[in-house]
Amino acid sequence: IGPDAQSFLQSLVSQDLDPLADGEGARSLLLQPQGKLVANFVLLRVAADEWWCITDEGGSEALAAGLNRFKIRVKADIEDRTAASAALLLLGAAPGIVTAVGDVHAVEIAWGRDRAVVVVGSSTAVDAARAALVDVAWGTEADFEAARIAAGVPRQGVDIDERTIPQEAFLDEDAVSITKVCVVGQEL
C-alpha cells in the first residue's frame with residue numbers, strides 16, 4: 001500500500017502490472033537474483049496505490065521478506081494480513097458470481113490450463129461470500145488436489161520451492177510476461 005506500490009512491484013515481479021485496472025489480477029512470481037523462485041502468487045490491483053498478493057498457505061512470509069529485501073526509498077508498506085484474511089478458489093466460475101456478496105474482491109486468473117476466480121477479503125467477508133454462494137458445489141481438499149494436479153498447477157512447498165526455476169514447473173506460461181523488461185532474476 002502506498003503511492004509507489006505499483007512501480008515498486010512492477011520493478012520486481014515477473015508479471016506486467018501496467019495493463020491491470022482496479023479489480024483485475026494476474027498470477028506472478030518473485031524471483032531470486034539467480035532466477036530461482038521466492039514466491040508464486042496472485043496479484044490483485046485493488047487501487048493504483050493498493051495491491052494484494054495472495055499466496056498458497058504458508059507462502060506469505062517468504063513473499064513479504066522477499067519484497068522487503070528490495071524496499072529502499074520506496075513509499076509503500078508491505079503488510080502480512082494472513083491472520084485477518086481468507087481466500088476461496090472457484091474453478092469454472094465467472095467473476096460476477098460474487099458481485100453482490102459482501103466486502104470481498106473477486107478476480108479471474110489463469111490457473112494452469114484452466115481459469116479460476118480468486119475471492120479474497122477479511123475472514124468474515126469470505127465466510128459470508130461462501131455461505132451466499134448456494135449454487136456452488138464445494139469440493140474437499142482431495143478434490144482440490146486432484147483438480148490442481150490435472151490443471152498443472154504446482155503448489156508452493158509441495159511441488160515447488162526456493163530451488164525451482166520457473167520454466168521447470170511451467171510457471172512461465174501464465175505467471176511471466178515475456179514482453180516486460182527488467183525484473184529480478186530475468187536472465188534465466
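This note goes through the predicted model point by point, from the whole chain down to single residues.

1. Basis. The model is predicted, so to speak of local features a pLDDT of at least 70 is needed, side-chain atom pairs count only at pLDDT 80 or more, and totals for chains, interfaces and linings use all residues. Residues are numbered from 1 along each chain as its sequence is written, and side-chain values use heavy atoms, with hydrogens and water left out.

2. Overall make-up. The protein has four helices and six strands. Helices (H or I, at least four residues) and strands (E, at least two) are DSSP runs, numbered from the N terminus. Along the sequence they follow the pattern α-β-β-β-α-β-β-β-α-α.

3. Size. The C-alpha trace spans about 45 × 35 × 30 Å along its principal axes. A compact globule of 188 residues would have a radius of gyration near 16 Å, and the protein agrees with this at 16 Å. That radius is taken over C-alpha atoms, and the globule rule is 2.2 Å times the number of residues to the power 0.38.

4. Surface and burial. The accessible surface comes to about 10100 Å², and 52% of it belongs to carbon and sulfur atoms. Accessible areas come from the Shrake-Rupley method with a 1.4 Å probe; for residues, only the protein chains shown count as cover. Of the 188 residues, 43% count as buried. Buried means under 20% relative accessible area, exposed means over 50%, and partly exposed lies in between (1.4 Å probe, protein chains only).

5. Contacts along the chain. Contact means heavy atoms within 4.5 Å. Among contacts between residues at least 6 apart in sequence, 61% join residues at least 24 apart.

6. Two strands pair if DSSP finds at least two bridges between them. In general, strands of a sheet pair through backbone hydrogen bonds, either parallel or antiparallel. F41 has T55 in β3 as its bridge partner. Of the 11 residues of β2, 10 are buried.

7. Helix α1. Six of the eight residues of α1 are buried, so this helix is largely enclosed by the rest of the structure. The buried residues are A5, Q6, F8, L9, Q10 and L12. They pack against β1, β2, β3 and α2.

8. Nonpolar cores. A nonpolar core is a set of buried Ala, Val, Leu, Ile, Met, Phe, Trp, Tyr and Cys residues joined through side-chain atoms within 4.5 Å. The largest has 17 residues, and those with the most contacts inside it are L9, L17, L30, F41, L43, W51 and L67. Two or more residues come from each of α1 (5–12), β1 (25–31), β2 (37–47) and α2 (60–69). Apart from this core lies another, of 13 residues, including W52, V107, A116 and A151. Leaving aside neighbours within four places in sequence, F41 is in contact with V13, A26, R27, S28, L29, L30, C53, I54, T55 and L63.

9. Strands β4, β5 and β6. These three strands form an open antiparallel sheet in the order β4-β6-β5. The edge strands, β4 (85–91) and β5 (104–111), each pair on one side only. The twist averages 25 degrees from one strand to the next. Axes are lines fitted to C-alpha atoms, for helices over the stretch in contact, and angles run from 0 to 180 degrees between N-to-C directions. β4 and β6 (residues 114–122) are joined by seven bridges, and L90 stands opposite V117 in β6.

10. Helices on this sheet. Helix α3 (residues 123–132) packs on the sheet, touches β4, β5 and β6, and makes about 130 degrees with the direction of β6. Helix α4 (residues 141–151) also packs on the sheet and touches β4, β5 and β6; its direction makes about 45 degrees with that of β5.

11. L91 lies in strand β4. Is L91 buried or partly exposed? L91 is partly exposed, with a relative accessible area of 39%. Not counting residues up to four places away in sequence, L91 touches W111, R115, A116 and A147. L91 and E50 are 41 residues apart in sequence and 26 Å apart in space, C-alpha to C-alpha.
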